[in-house]
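Please open the model in your viewer and keep the selection tool at hand. The stops below each name what to select and then describe what is there.

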Amino acid sequence: MRKIIVGVTGASGSAYALAALRALRRPDIELHLVMTHQAHRTIELETDLRATDFESLANVVHRDDDLGAAISSGSFLTDGMLVIPCSMKSAAAIARSLNDNLLVRAADVCLKERRRLVLIVRETPLHLGHLRTLTQLAEIGAVVLPPIPAMYAKPQSVDDIIAHTVGKALDQFGIENDLFKRWK
């Protein structure tokens, strides 16, 4: 069974996290979830759901302040981590190994253990500090995957746009999906 960690930060884009959790809820995946405190607030601001609705989609839910959780150790084997959405604050903390919460620590573990780390970074416009942070993340092994829709797929809804990003993220883990129209 594959083990995937999903981290949810307080960046705008709760719908991306919800779609990812739904897509990863499969019998062959053990899904571990960690959400920042601000993610709980953003979910309530952006959706008609609560954080507990997101948590119900995971096999294991970890508190962000529990630095002793299994996902904080490299000896706990996983296939990697998806941070969706990823705030610039969390991206900067990951880039600099500022392991003061579980989400950042789990991401840092993925990097040090050479496991896949995919960040759906949500910020625009980007200033030079953001760009340097993203460059540093790419240099240390993270996949920076901004949620940019493919217009060739002729999206008909916001859900289509979200599904494209989630599908691209799952591709990074080698997880088969048909969430978006592929180029032929």
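Is Asp108 buried or exposed? Asp108 is buried, with a relative accessible area of 11%, where buried means under 20% relative accessible area, exposed means over 50%, and partly exposed lies in between (1.4 Å probe, protein chains only).

Before going further, note that this is a predicted model, in which local features need pLDDT of at least 70 and side-chain atom pairs count only at pLDDT 80 or more, while totals for chains, interfaces and linings use all residues. Residues are numbered from 1 along each chain as its sequence is written, and side-chain values use heavy atoms, with hydrogens and water left out.

**Salt bridges**

Arg105 is partly exposed, at a relative accessible area of 22%.

Next select Arg26 and Asp28, whose side chains form a salt bridge at 3.5 Å, N to O. Arg26 is partly exposed with a relative accessible area of 27%, and Asp28 is likewise partly exposed, at 38%. Then move to Arg63 and Asp65, where the closest N and O atoms of the salt bridge are 2.9 Å apart, and where both residues are exposed. By the rule given above, the count comes to seven salt bridges.

**Two crossing helices**

Now select helix H4 (residues 88-95) together with H6, and look at how their axes come within 9 Å and cross at roughly 45 degrees; the axes are lines fitted to C-alpha atoms, for helices over the stretch in contact, and angles run from 0 to 180 degrees between N-to-C directions. H4 and H6 are therefore oblique to each other, because angles under 35 degrees count as roughly parallel, over 145 as roughly antiparallel, 65 to 115 as roughly perpendicular and the rest as oblique. H4 passes H6 in a left-handed crossing, a term used if the near helix is turned anticlockwise from the far one by less than a right angle, whereas clockwise gives a right-handed one.

**Backbone details**

Select Ile84 and Pro85, which are joined by a cis peptide bond with omega near -10 degrees; Pro85 has its place in strand S4 (residues 80-86). Another cis peptide bond joins Thr124 and Pro125, with omega about -10 degrees, and Pro125 is found in the loop between S5 and H6.

For positive phi values, select Arg114, which has a phi of about 60 degrees although it is not a glycine. Arg114 is found in the loop between H5 and S5, and is exposed, with a relative accessible area of 70%.

Where does Leu126 lie? Leu126 lies in the loop between strand S5 (116-121) and helix H6 (128-139), and counts as partly exposed at 37% relative accessibility.

Technical notes:
Helix = DSSP H or I, 4+ residues; strand = E, 2+ residues; numbered from the N terminus. Salt bridge = Lys/Arg side-chain N within 4 Å of Asp/Glu carboxyl O.
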